[in-house]
Amino acid sequence: MSRLSVENLIIDIPGRSDGRALSFEVESGQIWGVLGPNGAGKTTLLHTLAGLRTPRSGQVLLGKEPLAALGRRAVARKLGLVFQERHDDFPATVLETALIGRHPYLSPWQMEQAEDVRLAAAALTRLDVDHLQHRLLHTLSGGERQRVAIATVLTQAPGIWLADEPTNHLDLHHQTETMALLAEEAECGRAIVLCLHDLNLAARWCDHILLLYPDGEACWGPADSILVTGALERLYGQRLASAEINGSQVFMPVSDRPERKRS
Ligand SMILES: Nc1ncnc2c1ncn2[C@@H]1O[C@H](COP(=O)(O)OP(=O)(O)OP(=O)(O)O)[C@@H](O)[C@H]1O
């Protein structure tokens, strides 16, 4: 069982006032969506939850252990992060990249064993990129690279997943497949936090939502109580229309500008 706890956390964004301290628990089996406009602090929060940035105050716990007291290797066995931006310039193949997910379990100079390769290959198959396993990563398309990044975290098999816009670059089918994979991971007891720009993915797949405002204000709770049209319009400064389709709330931006006539 996995749990990520956030206690009185203030993320450190230079020049920004403290805003509201964050206190919540992401329990095993839950998927939390973090929403907010550009620059609100979603990536900064995710990196703070991963221990890559020091908070201004407060703390993060993995299970009962303070994140700050754990070494990177111990953290990597508990928590995996799908980055929003990656620099894939190192000449590695897709399989070698996925195998990085096994590094937290290997001693510094230990080679990967057959079981590690099996786990990496299974993750690549799950993300539908197994046919690319011998290709150099930098030759892949944006969406293919995104799926390799997710396969690498799947190979790492953390109890806590943090993913920064996991559906970036993905076509509609692979967006749905990726969200279904994360839902499966949650069903297996993982605790999951996602930064998302797509309100409809958040409404369909997340059970809890955290709204981050650019001034540091925040609110969070069960998705049904937070994904309210008026609150989302204030969050983004954008008028929205909403409807229920297939039992899920759907939001669409409405423009005040005149509609463009098709010729
Ligand atoms: N090292 C830094 N020095 C100064 N400002 C920074 C630094 N890192 C981030 N910021 C600022 O902190 C704010 C939050 O950035 P962050 O990347 O967390 O936003 P975000 O909500 O993830 O945005 P987006 O939706 O555009 O990805 C931004 O205004 C950014 O310019």
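Me: Does Ile226 count as buried or exposed, and with how many C-beta neighbours inside 10 Å?
Reply: This is a predicted model, in which local features need pLDDT of at least 70, side-chain atom pairs count only at pLDDT 80 or more, and totals for chains, interfaces and linings use all residues. Residues are numbered from 1 along each chain as its sequence is written. A residue is buried if 20 or more other C-beta atoms, placed from the backbone, lie within 10 Å of its own, exposed if 12 or fewer, and partly exposed in between. Ile226 therefore counts as buried, its C-beta neighbours inside 10 Å numbering 20.

Me: Which residues is Ile226 in contact with, leaving aside its neighbours within four places in sequence?
Reply: Ile226 is found in helix H8 (residues 223-226); helices (H or I, at least four residues) and strands (E, at least two) are DSSP runs, numbered from the N terminus. Two residues are in contact if their C-beta atoms, placed from the backbone, lie within 7 Å. With neighbours within four places in sequence left aside, the contacts of Ile226 are Ile209, Leu211, Cys219, Trp220, Gly221 and Ala231.

Me: Why is Leu227 buried?
Reply: Leu227 lies in the loop between H8 and helix H9 (229-236). Beyond four places in sequence, Leu227 is in contact with Ala202, Ala203, Ile209, Leu232 and Gln249. Leu227 is buried because the number of other C-beta atoms within 10 Å is 21.

Me: Which residues touch the most other members of the largest nonpolar core?
Reply: A nonpolar core is a set of buried Ala, Val, Leu, Ile, Met, Phe, Trp, Tyr and Cys residues joined through C-beta atoms within 7 Å. In soluble globular proteins, nonpolar side chains tend to be buried together. The largest such core here has 70 residues, and those touching the most other members are Leu162 and Val193.

Me: Which helix gives the largest share of this core?
Reply: Leu162 touches Leu46, Leu49, Ala50, Leu79, Leu81 and Val193, not counting residues up to four places away in sequence. As for the helices, the largest share of the core is six residues, and these come from H5 (residues 142-156).

Me: What is the strand order of the open sheet of six strands?
Reply: Two strands pair if DSSP finds at least two bridges between them. Strand S3 (residues 31-35) and strand S8 (residues 191-195), for instance, pair in the parallel sense over four bridges, and Val34 stands opposite Cys195 in S8. The sheet has mixed pairing, and its order is S6-S7-S8-S3-S9-S10.

Me: What angle does the direction of H5 make with that of S6?
Reply: H5 packs on the sheet, touching S6 and strand S7 (160-164). Axes are lines fitted to C-alpha atoms, for helices over the stretch in contact, and angles run from 0 to 180 degrees between N-to-C directions. The direction of H5 makes with that of S6 an angle of about 175 degrees.

Me: What are the edge strands of the open sheet of four strands?
Reply: This sheet has antiparallel pairing in the order S2-S1-S4-S5. Strand S1 (residues 4-10) and strand S4 (residues 57-62) pair over five bridges, whereas S1 and S2 pair over four. Those pairing on one side only, the edge strands, are strand S2 (22-26) and S5.

Me: Which residue in the turn of the hairpin formed by S4 and S5 has a positive phi?
Reply: S4 and strand S5 (residues 65-66) run antiparallel and are joined by two bridges. The bridge partner of Leu61 in S5 is Pro66. Two residues lie between the strands of the hairpin, and the one in the turn with a positive phi, about 65 degrees, is Gly63.

Me: Where is Ala157 found?
Reply: Ala157 has a positive phi of about 50 degrees although it is not a glycine. Ala157 is partly exposed, because 17 other C-beta atoms lie within 10 Å. Its place is the loop between H5 and S7.
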